[in-house]
Amino acid sequence: MPGRLLKTLPAGVLNVHPSLLPRWHGGSPLCHTLITGDTVSGVSIFLIQPVLRKDRQQRAFDVGPLLLQRVVHLPVDSRRPLTTATLAQFLIPICLEALVQVLRDLPGHLRSAVPQSLLPLLPQPAPRLRPEMGNIDWVNQSALEIVRLWHAASNYIHLSTQLVLEVPTQEDLHTKASQAKFVRSRLRIGISTPPLLVWPPPDDNQVSFLEFREFVW
């Protein structure tokens with residue numbers, strides 16, 4: 001919101017943010033809450049202020065003084081794990097209740113507003129998801145981290161990965177072809193779309209890449 005517009009509103013502008021600020025300030029707090037596996041979250045109501053970052057090139061987000069915070073423990077159900085949509089449904093009633101409480105005594109909450117710099121939580125940005133954040137790294141990511149990413153981000157970005165298969169030489173073509181068919185059948189497990197495998201390869205010792213867009217957990 002432009003600073004010149006804020007100056008035309010003498011009572012200020014309130015924002016209801018679905019996280020415990022300053023943790024997860026930014027455009028995708030719900031996604032980052034799930035990706036990191038937070039078990040405690042909450043709602044923050046704060047006063048929007050036209051604050052610039054140190055480089056004065058971009059406006060800082062979600063940095064105004066806090067009028068009210070509500071801490072909640074997130075529900076845990078292995079049969080129905082939280083997604084971004086269900087987490088939003090869980091927090092919406094809490095957001096509305098907190099906003100009504102602030103509006104009932106707005107002058108009092110404005111007088112007792114607390115700067116976010118005085119809170120014990122460390123600032124943690126929650127930037128909007130980018131396509132490259134959906135790339136799965138089987139070496140450095142655990143199965144739990146991949147599942148969390150799927151639940152948090154699958155409605156916004158595609159999850160994808162690349163598997164590398166070594167193509168056999170002409171001498172071992174028949175033997176390796178049987179092995180490749182076996183590998184291809186194994187790769188279909190847990191994947192909603194069949195893998196793409198070009199066989200035989202156009203050149204010897206060529207590396208083939210398989211990319212999958214959807215996973216079934």
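## A residue between buried and exposed

A residue is called buried when its relative accessible area is under 20%, exposed when the value is over 50%, and partly exposed in between. In this predicted model, Gln141 has a relative accessible area of 24%, so it counts as partly exposed.

Gln141 sits in the loop that runs between strand S5 (124-125) and helix H5 (143-153). Leaving aside residues up to four places away in sequence, Gln141 touches Asn135, Ile136, Ile146 and Leu149. A polar atom of the Gln141 side chain also lies 2.6 Å from the backbone nitrogen of Asp137.

## Overall layout

The protein contains six helices and seven strands. Read from the N terminus on, the order of these elements is α-β-β-α-β-β-α-α-β-α-β-α-β.

The protein has 217 residues, of which 32% count as buried. If contacts between residues at least 6 apart in sequence are taken, 70% of them join residues at least 24 apart.

The largest nonpolar core is made of 17 residues, and Leu87 and Leu91 have the most contacts inside it. Two or more residues of this core come from each of helix H2 (29-35), strand S3 (40-47), strand S4 (66-73) and helix H3 (84-104). The most is given by H3, with six residues.

What does Leu91 touch, not counting residues up to four places away in sequence? Its contacts are Pro18, Leu30, Gly42, Val43 and Val72.

## A buried threonine

Thr161 belongs to strand S6 (residues 161-166). Is Thr161 buried or exposed? Its relative accessible area is 4%, so Thr161 is buried.

The side chain of Thr161 takes part in two kinds of link. With the side chain of Trp138, Thr161 makes a polar contact of 2.7 Å. The Thr161 side chain also reaches the backbone oxygen of Ile136 at 3.4 Å.

## Backbone features

Most residues other than glycine have a negative phi, and most peptide bonds are trans. Two places in this model can be read against that background.

The peptide bond that joins Leu21 and Pro22 is cis, with omega at about 10°. Pro22 is in the loop between strand S1 (14-17) and strand S2 (23-25). Trp24, which is placed in strand S2, has a positive phi, near 60°. With a relative accessible area of 5%, Trp24 is buried.

## The largest pocket

Rolling a probe the size of a water molecule over the atoms shows where empty space is left. The largest pocket holds about 390 Å³ of space.

Its lining consists of 15 residues, and those nearest the centre of the pocket are Pro75, Val76, Pro81, Leu82 and Arg148. Which element gives the largest share of the lining? That element is H5, with four residues. Sorted by class, the lining has eight nonpolar residues, four polar residues and three charged residues.

Notes. Residues numbered from 1 in each chain as written. Predicted model: local features only at pLDDT ≥ 70, side-chain atom pairs only at ≥ 80, totals over all residues. Heavy atoms only, no water. Core = buried A, V, L, I, M, F, W, Y, C linked by side-chain atoms within 4.5 Å. Buried < 20%, exposed > 50% of the residue type's maximum accessible area, 1.4 Å probe, protein only. Contact = heavy atoms within 4.5 Å. Polar contact = N/O pair within 3.5 Å; in protein donor to acceptor, adjacent residues only side chain to side chain. 1 Å grid on protein atoms, 1.4 Å probe; cavity = no way out; pocket = protein on both sides within 12 Å on 5 of 7 lines; lining within 4 Å. Points joined across faces, edges and corners; volume = space filled by probe spheres on them. Nonpolar A, V, L, I, M, F, W, Y, C, P; charged D, E, K, R; others polar.
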